[in-house]
Amino acid sequence: MPQEEPAFAPRLATIVADALDIGSVEIRDLQRNSGGASRATWSFDAVHDSGTEALILRLAAHDVDGAVMMLEAAAMREAARVGVPEPEVLTAAADSSVLGGPYLVMRRVDGETIARRILRDEAYAEVRPRLAAQCGAILGALHQMDPAALPSLSDVDPLDGLRALFAETGVVSPTLELAFRWLATHRPEPFGKAVVHGDFRNGNLIIGSDGIRAVLDWELVHLGDPLEDLGWLCVRAWRFGAEPPVGGFGDYQDLFAAYQQASGRAIDPQAARWWELFGTVKWGVICILQANRHLIGDDRSVELAAIGRRLCEQEYDALGLLDELLAGAVR
């Protein structure tokens, strides 16, 4: 059954025509693809006298801070400048009065984002062994982004911030407490300070038969330690049941070697594993926060409730990582 065209479609046509600097466009096949409580993703074709443009609209809820959407657009443009594969951003605005929320319009990039298909479908069998190295090369470029090009980047201590968030939940988890204590007492020397994507993982990459075509979802971009991105990519949750530690598709060595070649900086594997444990704990805390949105009635959702049940998975993964790290320290 076709979706009913949303009321904002005529206004979207005007926005796209202005962005393309053409007289007028007709919006066709406007389909909502995905989106949570705060953002939606729409795909559509903009048809005009000279041809058809395949585009994507990212539309935030009306109460989302428009500055966040503008930061996302600026990050995508700056990432493209340093060689990160990105969709071209045509226009973005913080004003909610036009489409009902802050928005971003970009060109559509063909490919797959569903991690389980990327990890299991025969169509990606040939490219899978190359993805870890491609991630390393992309992150090596990404961490060369100029912070001055991005307005109002947050810069807070990640461990202190995460522990404060966990404390606010009121949830008791001896496992997470143990992990927090270990992280605090075994923190590696900072690798540096750079623009950090914040959610670079399998599921936020558009992948085709030739490899990674685009990096998506810059909502969590911030200043931080570059190893945060590498550790997050290796969190077990983002392997989606596959064995290889890097996104479910590759090995640490391929990721680290490609990063070093792209950035000129060698990775300390133990430091990267610290950030992998940090990412595991972080996802555990996020699971609690997502479930709380459902439990307190802010956003009643079976999906959010189910995410809350995944806390036990992160506790299990954290204990496994702690066992590995402690064994490594003994050796």
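Tutor: Arg39 is buried in this predicted model. Its relative accessible area is 7%, and the cut-off for buried is under 20%. The partner is Glu72, and the two side chains form a salt bridge at 2.3 Å, N to O. Arg39 belongs to strand E2, residues 39–48, while Glu72 belongs to helix H2, residues 66–81, so the bridge ties together parts 33 residues apart in sequence. Glu72 is buried too, with 2% relative accessibility.

This pair does not stand alone. Arg39 and Glu72 are part of a salt-bridge network that also takes in Arg58, Asp217 and Glu219. Across the whole structure, the search finds 22 salt bridges. Side chains of opposite charge can pair when their charged atoms come close.

Now take Arg107 and Glu88. Their side chains meet in a salt bridge at 2.8 Å, N to O. Arg107 is in strand E5, residues 103–107. Glu88 is in the loop between H2 and strand E4, which spans 89–93. The partners are 19 residues apart, and the pair links distant parts of the chain.

The next pair is Glu177 with Arg163, a salt bridge of 2.7 Å, N to O. Here both partners come from helices: Glu177 from H6, residues 174–185, and Arg163 from H5, residues 158–169. They lie 14 residues apart in sequence, so the bridge ties these two parts together. Glu177 has a relative accessible area of 29%, which counts as partly exposed. Arg163 is partly exposed at 30%.

Charged residues also turn up in a pocket. The second largest pocket holds about 210 Å³ of space. Strand E9 (222–224) and helix H9 (269–295) are the elements that give two or more residues to its lining. E9 supplies the largest share, 3 residues. By class, the lining has 7 nonpolar, 3 polar and 6 charged residues.

Terms used
Residues are numbered from 1 along each chain as its sequence is written. This is a predicted model: local features need pLDDT of at least 70, side-chain atom pairs count only at pLDDT 80 or more; totals for chains, interfaces and linings use all residues. Side-chain values use heavy atoms; hydrogens and water are left out. On a 1 Å grid over the protein atoms alone, a cavity is a set of points where a 1.4 Å probe fits but cannot get out, and a pocket is an open set with protein on both sides within 12 Å along at least five of seven lines; lining residues have an atom within 4 Å of a point. Grid points are joined across faces, edges and corners, and a volume is the space filled by probe spheres set on the points. Helices (H or I, at least four residues) and strands (E, at least two) are DSSP runs, numbered from the N terminus. Ala, Val, Leu, Ile, Met, Phe, Trp, Tyr, Cys and Pro count as nonpolar, Asp, Glu, Lys and Arg as charged, and the others, Gly among them, as polar. A salt bridge is a side-chain nitrogen of Lys or Arg within 4 Å of a carboxyl oxygen of Asp or Glu. Buried means under 20% relative accessible area, exposed over 50%, partly exposed in between (1.4 Å probe, protein chains only).
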